[in-house]
Amino acid sequence: MSIKLQIIVAVLVLLMLLYIIRMISKKKIDIRYALRWMALCIIVLVFDIFPKMFNWLSKVIGIQLPSNMIFMVAIILLITTMFALTTNVSRISQKNTRLIQEVALLRDEIDKIKEKEQS
Amino acid sequence: MKKLVVIPAYNESASIVSTVEDIKQNAPDFDYIVVNDCSTDNTVEVCKENGIRCLQLPINLGIGGAVQTGYIYGVRNGYDVVVQFDGDGQHSARFLETMVEAMEENDADMVVGSRFITNEGFQSSAIRRLGIRFLSGVIKLLTGKTITDPTSGMRLINRNIMEIYAKDYPKDYPEPDSLVQIIAAKKKVIEIPVIMNERTEGVSSISPINAIYYMIKVTLAIIFARFKKI
């Protein structure tokens, strides 16, 4: 890996980290969801600074081509993230249903009270 | 005994008035509540003009969420029994009193109105009957109980089941798996024969394209419901 490429990757990762931190401070992303992205950035950064570690690790696991390990890790990360998102969406939609029902019931209560006041 | 009819309505402006009239005439002991599932037509206006009591969901939830709203309403307002009753003219109110009697006589927790005991009235299309028979078979296999009409939307439940459903009720195509959930919890479910009409207005929530999804989803849901803890 050339020093040029290492610097480009490092800059990109740092930009991403900065962006995530900005999103957290603006409260556009929950810290608990931001954590996994920050962890990812730091891991990429470590391997970028010490690329030999990466070769060593893929050899230990038994992957002949180090680039294949990147793909594998990336795919695993994507699948787990998507799964986490699916469960989140399900939970949010359940909560949403409850809220909608509560709004309908409260509206009815308000109507009843209004009717009582008028009569 | 306080008795409630829950009428889920999505774009039923053409039939909602006659449905409510039917209940007022043939089941006068029952209170009723229409749950308007955020209809895009003038169901709300029609209800207001005719003085029909109506819960208004601000966002469309689908049949399961709408009916569940009715059950929560029943729990909070102290009803002893609640019956679900379709707003599209398929159900006849003259069977409601019979269902309550059957519940009391048999000490049942749930009474289902079935089209397929006496096979009278509207019987649905052959392909649907095949699907219903399949679901019936799955339920028999999993619970050992024969339910001839597991997709029937005409169901009377007591307070106990109401409380269970108020907490947990399936979202779409809710009838078969909510039924199995109750049977699995060792509650007593009985069926009585009713006569249903062909819907006068509106379309079925199960279109041909949805049919395959429907069968897979419902079958899976039944299996999960069988082993669910409540």
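Student: Which side chain does the side chain of B:Asn36 make a polar contact with?

Tutor: A polar contact is a pair of N or O atoms within 3.5 Å; within protein, one must be able to donate a hydrogen and the other to accept it, and residues adjacent in sequence count only if both atoms are side-chain atoms. Here the partner is the side chain of B:Ser39, at 2.6 Å. Bear in mind that this is a predicted model, where local features need pLDDT of at least 70 and side-chain atom pairs count only at pLDDT 80 or more, while totals for chains, interfaces and linings use all residues. Residues are numbered from 1 along each chain as its sequence is written, chains are lettered from A and ligands numbered from 1 in the order in which they are written, and side-chain values use heavy atoms, with hydrogens and water left out.

Student: Is B:Asn36 buried or exposed, and why?

Tutor: Buried means under 20% relative accessible area, exposed over 50%, and partly exposed in between (1.4 Å probe, protein chains only). B:Asn36 counts as buried because its relative accessibility is 2%. For contacts, think heavy atoms within 4.5 Å. Leaving out residues up to four places away in sequence, B:Asn36 touches B:Ala9, B:Thr43, B:Val44, B:Cys54, B:Leu55, B:Gln56 and B:Leu57.

Student: Which strand holds B:Asn36, and what does that strand pair with?

Tutor: Helices (H or I, at least four residues) and strands (E, at least two) are DSSP runs, numbered from the N terminus. Two strands pair if DSSP finds at least two bridges between them. B:Asn36 sits in strand E2 of chain B, which spans residues 31-36 and has five of its six residues buried. E2(B) runs parallel to strand E1 (residues 3-9) of chain B, with six bridges joining them. It also pairs with E3 (residues 54-56) of chain B, again parallel, over three bridges.

Student: What handedness do the β-α-β units have?

Tutor: Point the strands away from you: a crossover is right-handed if the path from the first strand over the helix to the second runs clockwise. E1(B), helix H1 (residues 16-26) and E2(B) make a right-handed unit. E2(B), helix H2 (residues 43-49) and E3(B) make a right-handed one too.

Student: What about strand E6 of chain B?

Tutor: Both faces of E6(B) (residues 155-158) are covered, with B:Arg155 and B:Ile157 buried on one side and B:Leu156 and B:Asn158 on the other. Strand E4 (residues 81-84) of chain B runs antiparallel to E6(B), joined by four bridges, and B:Val83 has B:Leu156 as its bridge partner. Strand E5 (residues 110-114) of chain B is antiparallel to E6(B) as well, with three bridges; there, B:Met110 stands opposite B:Ile157.

Student: How many residues does each chain bring to the contact, and how much area is buried?

Tutor: Buried area is the accessible area (1.4 Å probe) that two parts lose on being put together, summed over both. Chain A brings 14 residues and chain B 19. About 1,500 Å² is buried between them, and carbon and sulfur atoms give 51% of that. A:Ile100, A:Gln101 and A:Leu105 supply 36% of the area that chain A buries against chain B, more than any other three residues.

Student: How many salt bridges are there between chain A and chain B?

Tutor: A salt bridge needs a side-chain nitrogen of Lys or Arg within 4 Å of a carboxyl oxygen of Asp or Glu. The count is three; one pairs A:Glu115 with B:Arg53 at 3.9 Å, N to O.
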